[in-house]
Amino acid sequence: MIKNTILTKALLLSVAVAAMPASVSAFSAVEANSQDKFAPLFSVYQRVKADYVEPVEDDKLVEGAIAGLLGSLDPHSAYLDAKDFEQLQTQTEGEYGGLGLQVSQEQDAVKVIAPFADTPADRAGIKPGDYITHLDGKLIVGGTLDDAVKQMRGVPGTPITLTIVRAGRDKPFDVTVTREIIDLKPVTSKVEGNIGIITISSFSDDTGRDVASAIKSIENELGGKPNGFIIDMRSNPGGLLHEAIRVSDVFLDKGVIVSQKGRRARESATYSARKGDLAAGIPIIVLIDAGSASASEIVAGALQDQHRAIVMGEQSFGKGSVQSVLPLTQTTGLRLTTARYYTPSGRSVQEGGIKPDIRVPQLSDPDYKTRPRFREVDLSRHLANEKGLDDAKLIQDDKDDPRFAMTFDEVKAKGIEDFQLWYAMETLNRGKPAPTRTAAKAK
């Protein structure tokens with residue numbers, strides 16, 4: 001018992017000082033105070049080891065203590081075991097057999113943040129804000145998120161039935177989805193008329209390079225410059241910070257892209273554009289919605305503040321924090337919130353998100369008006385907007401503009417499959433878009 005207690009104490013102390021400078025004085029300060037600070041934790045450990053109905057391994061207790069410690073911070077900080085490291089690498093580099101869903105856990109239930117574009121989940125009509133309660137008829141409420149994700153992944157070509165609870169529906173309903181290889185291609189492009197449409201579904205390795213290639217591909221297909229570009233980042237959950245910077249730099253010739261501020265000097269930095277706008281000043285419309293988070297908000301905020309693009313769609317998710325992966329061992333680490341980021345004008349999007357210059361409802365979605373919007377502010381223990389709630393006032397959606405008083409049936413009758421995209425194309429086809437909200441205020 002004494003040996004186990006000392007071992008656990010050492011492990012817990014190593015977690016406690018993981019984010020501190022590796023100095024003798026800092027460690028000594030923690031060591032000196034640990035007897036009183038951690039006494040309740042050690043007492044609980046001893047009681048569990050001695051009196052729990054079944055024997056419990058130290059590894060399980062230590063991991064539980066770590067999870068509890070990080071769970072008291074914010075919803076984006078977490079312990080990464082070997083399996084989590086592998087999944088993190090998959091999300092930024094690889095491919096896997098699954099459904100193409102970005103999910104979180106809320107009060108023991110699995111909640112959909114967003115489906116990735118053109119994946120089985122997306123084609124099956126699964127929406128942001130949906131709750132998944134059963135997989136193949138088996139209740140998953142109360143289980144772990146890792147277990148749910150593991151069940152949804154599997155051999156490509158095999159089906160799985162999801163039971164969905166959706167606001168506005170009288171009762172749960174089942175959706176059967178066939179697993180596919182989810183190849184995380186972050187960038188796709190196409191030409192519609194004389195407009196180039198670039199869809200960015202996530203920010204993984206080489207996203208910036210792929211966006212630059214997409215511009216060249218569009219120009220080659222048209223044999224010249226398009227009338228405009230639409231950058232579609234709807235339901236884009238984010239990804240790598242440096243790729244968001246590279247994507248923004250593709251369209252900017254100068255100026256700040258994003259800044260970040262943390263407790264330590266090394267976590268504070270300002271990133272600026274290099275000379276050379278690959279789009280050569282051609283009009284740009286950026287599409288966002290409630291599923292556009294983090295890295296996609298960095299790009300939207302940079303192009304909006306620099307008056308380089310019109311932002312259309314819905315208010316974004318509102319995740320204005322930066323997570324760093326801090327190693328503990330060769331196979332484990334921490335994903336820890338280490339900084340907040342700010343748009344070029346100094347706005348924090350935390351809680352409030354990016355407000356579009358022109359709010360365009362998705363009238364081609366039959367559940368648009370009844371489906372709740374799931375954003376950062378809805379997450380328990382989310383960071384507050386430290387600059388106050390002026391930006392966070394954007395949380396409430398504006399009432400629909402009278403120009404959008406069409407019904408779903410009327411939109412379908414016109415053959416419009418994606419109203420927001422259609423409206424963006426119509427805006428570009430009508431000519432140069434009006435000045436942005438931020439530009440108008442600056443005059």
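**Ser-364 and the sheet**

Visitor: Where does Ser-364 sit, is Ser-364 buried or exposed, and which residues does Ser-364 touch?

Guide: Keep in mind that this model is predicted. Ser-364 lies in a loop. That loop runs between strand S19 (358–359) and helix H11 (408–413). Ser-364 counts as buried because its relative accessibility is 9%, under the 20% cut-off.

Now the side chain. A polar atom of the Ser-364 side chain lies 3.2 Å from the backbone oxygen of Glu-417. The Ser-364 side chain also reaches the backbone nitrogen of Phe-419, at 3.0 Å. Leaving aside residues up to four places away in sequence, Ser-364 touches Phe-408, Val-411, Lys-412, Ile-416, Glu-417, Asp-418 and Phe-419.

Next, the sheet that includes S19. This open sheet has 6 strands. Their order is S10-S11-S12-S15-S16-S19, with mixed pairing. Strand S10 (187–192) and S19 are the edge strands, each pairing on one side only. Helix H8 (residues 207–222) packs on the sheet. H8 touches S10, strand S11 (195–200) and strand S12 (228–232). The direction of H8 makes about 20° with that of S10.

Elsewhere in the sheet, strand S15 (residues 284–288) pairs with strand S16 (residues 310–313). The sense is parallel, over 4 bridges. Ile-288 stands opposite Gly-313 in S16.

Conventions. Residues numbered from 1 in each chain as written. Predicted model: local features only at pLDDT ≥ 70, side-chain atom pairs only at ≥ 80, totals over all residues. Heavy atoms only, no water. Helix = DSSP H or I, 4+ residues; strand = E, 2+ residues; numbered from the N terminus. Buried < 20%, exposed > 50% of the residue type's maximum accessible area, 1.4 Å probe, protein only. Polar contact = N/O pair within 3.5 Å; in protein donor to acceptor, adjacent residues only side chain to side chain. Contact = heavy atoms within 4.5 Å. Pairing = 2+ DSSP bridges. Axes fitted to C-alpha atoms, helices over the stretch in contact; angles between N-to-C directions.
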